[in-house]
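Let's go looking for salt bridges. Have the sequence and the 3D view ready, and follow along as we go from pair to pair.

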Amino acid sequence: LLSLIRIPVFRRMWAAITFSSLGDWLGLLANTALAQQLTRTSSVATQGVAISGVILVRLAPDLVLGPFAAALADKFDRRKTVIVGETLAGVLYLSIAFGYELVWLYVAQFLIEAAGLFTSPAKQVIWTNIIPKKLLATANQVSLISVYGTVPVAAAIFALLSTLNRFIGKPSQQLAPGHVNIAIFVALVLDAFTFFISASTVFVSRRLIPAFTGKRERGQSIFSLITEGVAFVRQNVLIQVEHVRRQPCL
């Protein structure tokens, strides 16, 4: 771990992944709370459907774009992919905060997750390219800690904002139709800035990060990359088991 920390570009990418992961979890909490807030005058069943809709919209891009996103990401400069994708996510979260509308919440959430299908594999490839092979196992453990270790941090931030909102906001205002919940608004704004910080970190380090891994990738077509990936997964049982193990429990 000390050897990894001594690598400047590793520290920056670690910070980028950590902030992006924090924003992703905080966005999930804020958007589900916003869906409930926007339907609070409706029945409990309607509120449940609205909250479930946020989860479904987050999963929908994987079903529609999943087989092609990673292959398409290999065709572009990975640095630009991460910078543009993270910036777009930040802008969309800001639009959710200021728009405060259920339909746009679903549309923006879908676009955020679609962008994440391109930025996530790009960040992972960058991560493996800037780290010596002998340190890759340790780096992957650090990456998992950064991704899942930010869950309690995001939960604590949102809980703190919700507590402050109870003391600052008046109950009559919190229940008024069209009233913007301060906790949700601030959470979404903070969420947007985590993605902006991630994008700016990669931008500052762009000269230390390779754009592509090699000429072979650029010469292959998208469908050949997909076919090769599917064949590789079928031939490696351990990858299939790991994929099943990492599926989220909803």
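A salt bridge here is a side-chain nitrogen of Lys or Arg within 4 Å of a carboxyl oxygen of Asp or Glu. Keep in mind that this is a predicted model. Searching the whole structure turns up four salt bridges. Three of them are set out below.

| Salt bridge | N to O distance |
|---|---|
| Asp-24 with Arg-58 | 3.1 Å |
| Glu-113 with Arg-58 | 3.3 Å |
| Asp-77 with Arg-79 | 2.8 Å |

Start with Asp-24 and Arg-58, whose closest N and O atoms are 3.1 Å apart. Asp-24 sits in helix H2 (residues 8-38) and Arg-58 in helix H3 (residues 44-73), so this pair ties together parts that are 34 residues apart in sequence.

Now stay on Arg-58, because it counts as buried, at 12% relative accessibility.

Who else does Arg-58 meet in a salt bridge? Put together, Asp-24, Arg-58 and Glu-113 are linked in a network of salt bridges.

Last stop: Asp-77 and Arg-79, whose side chains meet in a salt bridge at 2.8 Å, N to O. Are these two buried or partly exposed? Asp-77 is buried, at 13% relative accessibility, while Arg-79, at 21%, is partly exposed.

Terms used
Residues numbered from 1 in each chain as written. Predicted model: local features only at pLDDT ≥ 70, side-chain atom pairs only at ≥ 80, totals over all residues. Heavy atoms only, no water. Helix = DSSP H or I, 4+ residues; strand = E, 2+ residues; numbered from the N terminus. Buried < 20%, exposed > 50% of the residue type's maximum accessible area, 1.4 Å probe, protein only.
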